[in-house]
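Hi everyone, thanks for making time for this. Let me put it on the screen.

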Amino acid sequence: MFEATKVGRSVSKQDFKEQQAQLRTDLLAAQRELKAAQVPVVVLISGIEAAGKGEVVNRLNEWLDTRGVQTFAFWDESDEERERPRYWRFWRALPGRGEMAILFGGWYQTPIEHRFRDHCGDAELDAELNRIVDFERMLIQDGTLIVKFWFHMSESDQKARLKELSRDDKSRWKMLPDKSKFSEQYAAFEEVAERVIMHTDRGVSPWYLIEAGNRRYRDLTVGKTLLHAMRSRLAAAGPTDEQVSGIGSPELPAGEQARITLLDQLDLSLALERDPYKAELKRLQNEINELAWRAYSQKRSTVLVFEGVDAGGKGGAIRRITNAIDARLYRAIPVAAPSDEEKAHHYLWRFWRQIPRAGYITLYDRSWYGRVLVERVEGFATDAEWRRAYSEINRFEEQLVDSGVILLKFWLHISQDEQLKRFKDRENVPYKRYKITDEDWRNREKWPQYKEAINEMVVRTSTRHAAWTLVEGNDKPYARVKVLRTICAALTEALEGEQPPPAGYLPCGERRPQPAETATAGKKGK
């Protein structure tokens, strides 16, 4: 595979000077056009040691308008990064629409290093590479242009370059002596690199292998290749997208019994008397407070997702949880229409930003499921967008759980009659009036469409690692107690079960939070 990067290609000083001026002009023009077209660009820079990756990035920043470019080097992890799923740091680096991000190594760096050091086998590496392929496909389908460069050179050229760098006190290679292992085992590293490139070289996100022996040739080739990729993206009608069928669920026969959904099976008459409710609520709130502190001491994050029909009781259930937990341990995130900044990114971007640190809790009042509910029904997302969202969401949630996050999802459901009663109550009570909007009434008129969307959402996203809990919500006390019981049971099982491995990367990139260092569990109010 790498033979073509060892043939000795070069560019003279004169040729470089003559071509650089035009290339720079063309790159700036393409960058402005991509900004106007609202296309985000991710440039991945990877390759063997001493290939001049830093020099290339500095050159690109010289040629491009740096006001629209951000560069990220994923070297040492911060405490903040280590206490979250691994891809959290990459999501934060993704550019907005019309902007560009240059990533050193990116999501490839750790899998390559881990396989090279025998921290994982080929099967584990391939599993992580499959995740990368899915991740890149998801970004590309959302409109991102991904351009991946691998810089390579012969072993003799690398040794000469490393000798040169060893005399430079500012070189990254000299500052990290551990990097020398990659040059000492050139053939072994090349074998790992070939496996990674072959597995992730796809038509929508190909690898460009760049011979790095001659700096002028290397830089011009990168600039011209990037320009070609940018122009090709501008000439295309839009992002690469998969073909979708006309329907997302089986075509059902006519008849009421043939069209029963999961929601129809809920017994909405379930209720809890006031006195038993108050006693059980107090007991569960005490228990959840204790469990929240235990999770904090064990560095186990918790994500609670609350979805439901309008006036279904999400806010009331959330308040019964937050009233019981120390305010320092949680954040409640109300999810409304996306801001301009959020619209400029993939729809999952704003939810990745709110993933809690190890030991903390995030409660989402509405969530990423808006893509397959309100955005689907109201036409805010295209058919292709909401149909592919099911698999995107499942992969997102799987990453959270794999990293040690305790993830619980609740759907609070009420009948149409109960919803109407609550809507009128909100209109008649001054301090509840802010809760009712014209949009709530419009959504009510689309009850059948929402019911179909909810049923498909549960069917496609209630998985082994992130199952839905359907809550009968006509009686508020019953619904609140069921939510609290479910949370307490799940936390107890997670905290008393087998503990996650120590902090650090598991084979080829999966992450787990740190174990408890000291017993810091306490009471609310500490």
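Find E307, please: across from this residue, in strand β9, stands W411. Before we follow that pairing, a reminder that this is a predicted model.

What is the order of its five strands? It reads β7-β8-β6-β9-β10, an open sheet with parallel pairing. At the edges are β7 (330-334) and β10 (468-472), each pairing on one side only. From one strand to the next, the twist averages 20°. Packed on the sheet is helix α13, residues 314-322, which touches β6, β7, β8 and β9. The direction of α13 makes about 155° with that of β6.

Back to β6 for a moment. Since seven of the seven residues in β6 are buried, the strand is largely enclosed by the rest of the structure.

What does V303 touch? One contact is with W368, a residue that also touches V305, Y347, L348, F351, I393, F396 and E397, leaving aside residues up to four places away in sequence. W368 is also one of the residues with the most contacts inside the largest nonpolar core, along with W91 and W107; that core has 109 residues. There is a second, separate core of 33 residues, and among its members are W293, I318, I321 and L495.

Finally, two loop residues for you to look up. A50 has a positive phi of about 70° even though it is not a glycine, and you'll find A50 in the loop between β1 (41-47) and α2 (53-63). D118 is another non-glycine with a positive phi, near 65°, this time in the loop between α5 (109-116) and α6 (122-141). Which of the two is buried and which is exposed? A50 is buried, at 9% relative accessible area, while D118 is exposed, at 60%.

Definitions and conventions. Residues numbered from 1 in each chain as written. Predicted model: local features only at pLDDT ≥ 70, side-chain atom pairs only at ≥ 80, totals over all residues. Heavy atoms only, no water. Buried < 20%, exposed > 50% of the residue type's maximum accessible area, 1.4 Å probe, protein only. Helix = DSSP H or I, 4+ residues; strand = E, 2+ residues; numbered from the N terminus. Pairing = 2+ DSSP bridges. Axes fitted to C-alpha atoms, helices over the stretch in contact; angles between N-to-C directions. Contact = heavy atoms within 4.5 Å. Core = buried A, V, L, I, M, F, W, Y, C linked by side-chain atoms within 4.5 Å.
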